[in-house]
Amino acid sequence: ESIDKVEFYNGTTLLGEDTTAPYTFTWTDVTDGCYAVIARAIDNLGGLASDTVDLTVGTGCGQGPFLGSPFVLPTIIQAEDFDEGGPGVAYRDIDAGNTGTAYRLDEDVDIENCSDTGGGYNLGWVNTGEWLEYTVEVPAAGQYIVETRVASVMGGGKFCLEFNGVDKTGEVLVPSTTGWQTWETISNTVSLDAGLQVMRLAVTSSGFNINYLDISRDVASDVPSSQLAGFALHPCYPNPFNPSTTISYELGAPETVSLVVHDVAGKVVQTLLAAQPTGPGRHAVVWDGRDSSGHTVAAGVYFYRLKAGDFTQTRSMVLVK
């Protein structure tokens, strides 16, 4: 067998071919952007083999959400799901390569496997002066609570959160949690404008790991307390659970209620209540550990979020197998 030719494609568009080793092609007048170039080798018996290379030309394809759409608040943002765009655009990382060798291996951001409840990944080896950005959508202006999941052996690390270039938190001190995989949650309140914006997580002093940021609406500061009297989302029972758990909540007045289960990446798993008119008092809903397609979900951490008028609250639960 021998190679007859190698064809070169930009996606599905044929750019050219070469019939002589070492089989090269020069692509000229290329517009700035990101491209998936495919080299397809064809042998004399008609056999095929191909390989794909991601190329960035000029300024690249610009900054954009890694998961395809902005994070819509309130939601959980996994620290490793920073924007696309590459170094100097979506992030700054002092060390070359991915020291943790996990998840996004094509980026120079240090990501490792995480042993926090629910697993997944976390950022590690953060250094002073590094930053990462996330495109977010803030539906309504107001106060928001940011709960950041952190781990640190010695403590003393610091970071701040900027929205559209404005520091909203000041320096946040990370305490000692006694281990790089011993996790604690620290909380801050930020005042945000409505609209699409870029959130920057900026490291001002090194020495900690980050798993995720859980951003929720601070309803207590947005509406008079009298309007919130009697509203509560209770811990589900049992928790951990298998195969089902009961989620109960309290309404102090008639409201339209939504109750949604989502995973640690913020993806909706199951909608238990969708804009359901509900009277005051205590109510309960059972989740059977299935997604919206009726399939049993994997073991892990899930979050259930109640929205009743101006009241919003989120709690976590653990499905075990």
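Reader: What does the side chain of Thr135 make a polar contact with?
Author: The side chain of Asp83, at 2.6 Å. Keep in mind that this is a predicted model.

Reader: OK, and where is Thr135 found?
Author: In strand β10, which covers residues 131-138.

Reader: Buried or exposed?
Author: Thr135 counts as buried, because its relative accessibility is 10% and the cut-off for buried is under 20%.

Reader: Leaving aside neighbours within four places in sequence, what is Thr135 in contact with?
Author: Asp83 again, plus Gly64, Pro65, Pro70, Phe71, Leu196, Gln197 and Val198.

Reader: Switching to rings. How many aromatic pairs does a search of the whole structure find?
Author: Nine. One of them is Tyr212 with Phe303, an edge-to-face pair with 6.3 Å centre to centre and 80 degrees between the planes.

Reader: Where do Tyr212 and Phe303 sit in the chain?
Author: Tyr212 is in strand β17 (residues 209-217) and Phe303 in strand β23 (residues 300-308), so the pair links distant parts of the chain, 91 residues apart. Both Tyr212 and Phe303 are buried.

Reader: And why is the Phe231 and Phe311 pair called tilted?
Author: Because the ring planes of Phe231 and Phe311 are at 40 degrees, with the centres 5.8 Å apart. Phe231 lies in the loop between α1 and β18, and Phe311 in strand β24, so the pair ties together parts 80 residues apart in sequence.

Reader: Which residues do ring pairs link into a cluster?
Author: Phe66, Tyr103 and Tyr121.

Reader: What sits over the ring of Phe66?
Author: The charged end of Arg104, 3.6 Å from the ring centre. The charged end of Arg104 also sits over the ring of Phe82, 3.8 Å from its centre.

Conventions
Residues numbered from 1 in each chain as written. Predicted model: local features only at pLDDT ≥ 70, side-chain atom pairs only at ≥ 80, totals over all residues. Heavy atoms only, no water. Helix = DSSP H or I, 4+ residues; strand = E, 2+ residues; numbered from the N terminus. Buried < 20%, exposed > 50% of the residue type's maximum accessible area, 1.4 Å probe, protein only. Polar contact = N/O pair within 3.5 Å; in protein donor to acceptor, adjacent residues only side chain to side chain. Contact = heavy atoms within 4.5 Å. Phe/Tyr/Trp six-rings, centres within 6.5 Å; stacked < 30°, edge-to-face > 60°. Lys NZ or Arg CZ within 6 Å of the ring centre and 35° of its normal.
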